[in-house]
Amino acid sequence: MPKVAEKLTQMGLVLPAALQPPAGLVLPFAWVNVRGATVYVSGHGPQNEDGSIAGPFGQVGGEVSLNDAVDLARKSAVSMLASLQRELGDLDRITAWNRVFGMVNTAPGFDQQPLVINGFSELIIEIFGPEIGRHARSAIGMAGLPFNMAVEIEAHLTIATV
Amino acid sequence: MPKVAEKLTQMGLVLPAALQPPAGLVLPFAWVNVRGATVYVSGHGPQNEDGSIAGPFGQVGGEVSLNDAVDLARKSAVSMLASLQRELGDLDRITAWNRVFGMVNTAPGFDQQPLVINGFSELIIEIFGPEIGRHARSAIGMAGLPFNMAVEIEAHLTIATV
Amino acid sequence: MPKVAEKLTQMGLVLPAALQPPAGLVLPFAWVNVRGATVYVSGHGPQNEDGSIAGPFGQVGGEVSLNDAVDLARKSAVSMLASLQRELGDLDRITAWNRVFGMVNTAPGFDQQPLVINGFSELIIEIFGPEIGRHARSAIGMAGLPFNMAVEIEAHLTIATV
């Protein structure tokens, strides 16, 4: 069994189905865009196992609590792993998490974006280890996110090419 | 005639003049920064043919309607192509649109950023085709943008080096 | 004496100590992530010489004046240079500033983000010169930033590998 897949199983994590956008919405971009050894990953939000977008919805520090937001960031990592699995076939091909850009739907006055995005960073480092999982990061506050999601995270990776 | 230029002519698209910033404002960065085969493109907003910034201005979901915003995203693509043409000399040198970061000046409660940035993505894919035009994307909501623009879009490309 | 270090001394700039996050906050990412010749730099805010986060705090165009914000962007550049010095050992290894992403904590109606981030860009170009310092840039408005900082800036560089 591939190493990362085994780790996901041990941790009880289940990769969700592909995102089902709301009826009528076409998303003409690639969730994962592989160019040679470089992987550009689109902004991912939290998903339920059936691929639907996971709530709670709204602004962190407002409708969404800090604790819930940390969990949504963690779920966003799992969504991203699911997209990567679909595109790469094998998550063990990932050799480096270079950059993570963590966007938090932010209520007026909320400034704990780093705590929220730690839900993502800690999961990635736990799964991939400190060397492959090592990433630069910004964790910042947005005025709004698609589908009123509370968290959306973009990333930039390197893979082994066959 | 170069392929992309021909396509632009067929589509009736005219590349605007270089941006004229407001009097007294110096912009000390490069609109297009070519480093080897990698091209970093600065955030571009919509422009009129004379290079001035195109309105309507303000927040999408507020002063600016969704329909207008889609058109502004499309115009931002044309602005970016104009900057790329000036820097590269020939748009056929572009071999890959890797990443698009679409920023929407967002009124409270507006969450249809993907629909807005589709104006950009669909034009790029129409012009460059599904392989070269393929890009990862985030489409997210900002609290404000320069000159009160409604849309600003950043990109990361690869070119053929001579 | 290395060229950039000498320049910093001439300009009277002192690199601050490593950031001391508030008690209890773990930041599990890398401030500077070197992957081969590519350097991903995390979002940096302004710091005092002792490594603490520098104010004034809040939104530009609100609690924080434009002039103060320009100075905070300049200080963010110095923070970033300090992190780069710690990671690279020698700032002369930097061969290219490719991309700068300037995030401004933005009060309603404020739209002069480019003026703010010029504090960063102009310092980098002054220190590294127009060729190495040349960068693509976006300067945009956030709904909130960590620790209620007024400015945070992310960058992407290239270095000479030994």
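Two residues count as in contact here if their C-beta atoms, placed from the backbone, lie within 7 Å. The model is predicted. On that criterion, the contact between chains A and B takes 22 residues from chain A and 25 residues from chain B.

**The chain A side of the contact**
- Three strands of chain A each supply at least two residues to the side that touches chain B: strand 1 (32–35), strand 2 (38–44) and strand 5 (151–159).
- Strand 2 of chain A gives the most, with four residues.
- By class, this side of chain A has 14 nonpolar, five polar and three charged residues.

**Symmetry**
- Two copies of a chain are related by a rotation about an axis and a shift along it.
- The copies use different surfaces: 9% of the contact residues of chain A recur in chain B.

**Helix 2 of chain B**
- Helix 2 of chain B covers residues 66–88, 23 residues in total.
- From first C-alpha to last, helix 2 of chain B reaches 33 Å, close to the 33 Å expected at 1.5 Å a residue.
- Just after helix 2 of chain B comes B:Gly89, with a positive phi of about 85 degrees.

How values were computed. Residues numbered from 1 in each chain as written. Chains lettered and ligands numbered in written order. Predicted model: local features only at pLDDT ≥ 70, side-chain atom pairs only at ≥ 80, totals over all residues. Nonpolar A, V, L, I, M, F, W, Y, C, P; charged D, E, K, R; others polar. Expected span 1.5 Å × (residues − 1).
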